[in-house]
Amino acid sequence: YGYNKNDKNFKPYGHFIGLLAKAGDKGGNILMNMGPKGDGEVDANDVIIFENIGKWMDKYGESIKGCSRTPLQVQAWGESTLKDNTLYLHVFEWPTDGKLVVGGVKGKVKSAYLLNNRSQNLKSSYKGVDLTIRVPKVAPDTVNSVVAIEFNDVPSGDNYRLLSPTISQNVLRALDAEVFGGVKWASGQKNDNYVRSWTKEEGAICWKICVAQKARYQLLVNYDAPAGNKRRFV
């Protein structure tokens, strides 16, 4: 992004660390740069942002550099990346009950550990294709804590997304869905991450989901339509 002396809306460094993980999760790349001031000096706020990103990368860069797209479906707690037989879990919402549930992962676990503390082996157990890892109740990082899982072979993922009854929100993003009946995706940019052309009753947007236990969920839908054409969801 460029420099503007009148723009004081500096994003927290955690925002950019999240972008790194999200790009890696999808198998993409991200170029992080900024514009200096008119005299060539770098703004002090930008220096702080990049210094903190660098500190995080010193600890967890292994989970970003050289990694490929995750084999997993969307996870409620965050993103994941893959390198060889190791799956890296980028946990943005740390489980307060000490149970990190990885939905729909197939493979035999060799070991699991916090990336900033390899000596502490974390216990894990399967229930079907859902893997539960016992983690400390306090997150080791305030922005993005990384858990590494080494498998005997390259892990694979299930076709269904596991909903979590403990995470604050399970966000079903439009661009993660399947569309039918003439419904189309928009461009996917920040303010254009929705579906459009939903003009027929046979139109549909679908997510393949599953649950591991009984729970009650409140469904919130964001939608818009021309005046007079809005219908109530039942």
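Buried means under 20% relative accessible area, exposed means over 50%, and partly exposed is in between (1.4 Å probe, protein chains only). The model here is predicted, so local features need pLDDT of at least 70 and side-chain atom pairs count only at pLDDT 80 or more, while totals for chains, interfaces and linings use all residues. Residues are numbered from 1 along each chain as its sequence is written, and side-chain values use heavy atoms, with hydrogens and water left out.

**Exercise 1: cysteines**

Task: work out how many disulfides the structure has, and why Cys206 is in none.

Solution. 
- Step 1: A disulfide is a covalent bond between the sulfur atoms of two cysteines.
- Step 2: set the cut-off. Here a disulfide is a pair of cysteine sulfur atoms within 2.5 Å.
- Step 3: search. The whole structure turns up 0 disulfides.
- Step 4: check the distance. The closest cysteine sulfur to that of Cys206 sits in Cys210, 16 Å away, which is too far for a bond. Cys210 is therefore in no disulfide either, its nearest cysteine sulfur being the one in Cys206.
- Step 5: Cys210 comes out at 26%, so call it partly exposed. Cys206 has a relative accessible area of 33%, so this residue is partly exposed as well.

**Exercise 2: helix H2**

Task: find which residues of H2 are buried, and what they pack against.

Solution. 
- Step 1: locate the helix. Helices (H or I, at least four residues) and strands (E, at least two) are DSSP runs, numbered from the N terminus. H2 covers residues 44-60, 17 residues in total.
- Step 2: compare spans. The expected span is 1.5 Å times one less than the number of residues. From first C-alpha to last, H2 reaches 24 Å, close to the expected 24 Å.
- Step 3: list the buried residues. They are Asp46, Ile49, Ile53, Trp56, Met57 and Tyr60.
- Step 4: see where they point. Their arc (taken from the directions from the helix axis to the C-beta atoms) is only 100 degrees, so they lie on the same side of H2. An α-helix has 3.6 residues a turn, so residues three or four places apart point the same way.
- Step 5: Turned away from the buried side are the exposed residues Ala44, Lys55, Asp58 and Lys59.
- Step 6: name the partners. The buried residues pack against helix H1 (13-25), strand E2 (86-91) and strand E9 (145-151).
- Step 7: look at the start. There, a side-chain oxygen of Asp43 comes to within 2.7 Å of the backbone nitrogen of Asn45.

**Exercise 3: Ser111**

Task: decide whether Ser111 is buried or exposed, and which residues it touches.

Solution. 
- Step 1: Ser111 belongs to strand E5 (residues 109-114).
- Step 2: read the accessibility. At 18%, Ser111 counts as buried.
- Step 3: collect contacts (heavy atoms within 4.5 Å). Leaving out residues up to four places away in sequence, Ser111 touches Asn121, Ala148, Ile149 and Glu150.

**Exercise 4: positive phi**

Solution. 
- Step 1: know the background. Most residues other than glycine have a negative phi.
- Step 2: take Asp84. Its phi is about 55 degrees, although Asp84 is not a glycine.
- Step 3: take Ser197. Its phi is about 60 degrees, and Ser197 isn't a glycine.

Technical notes
A polar contact is a pair of N or O atoms within 3.5 Å; within protein, one must be able to donate a hydrogen and the other to accept it, and residues adjacent in sequence count only if both atoms are side-chain atoms.
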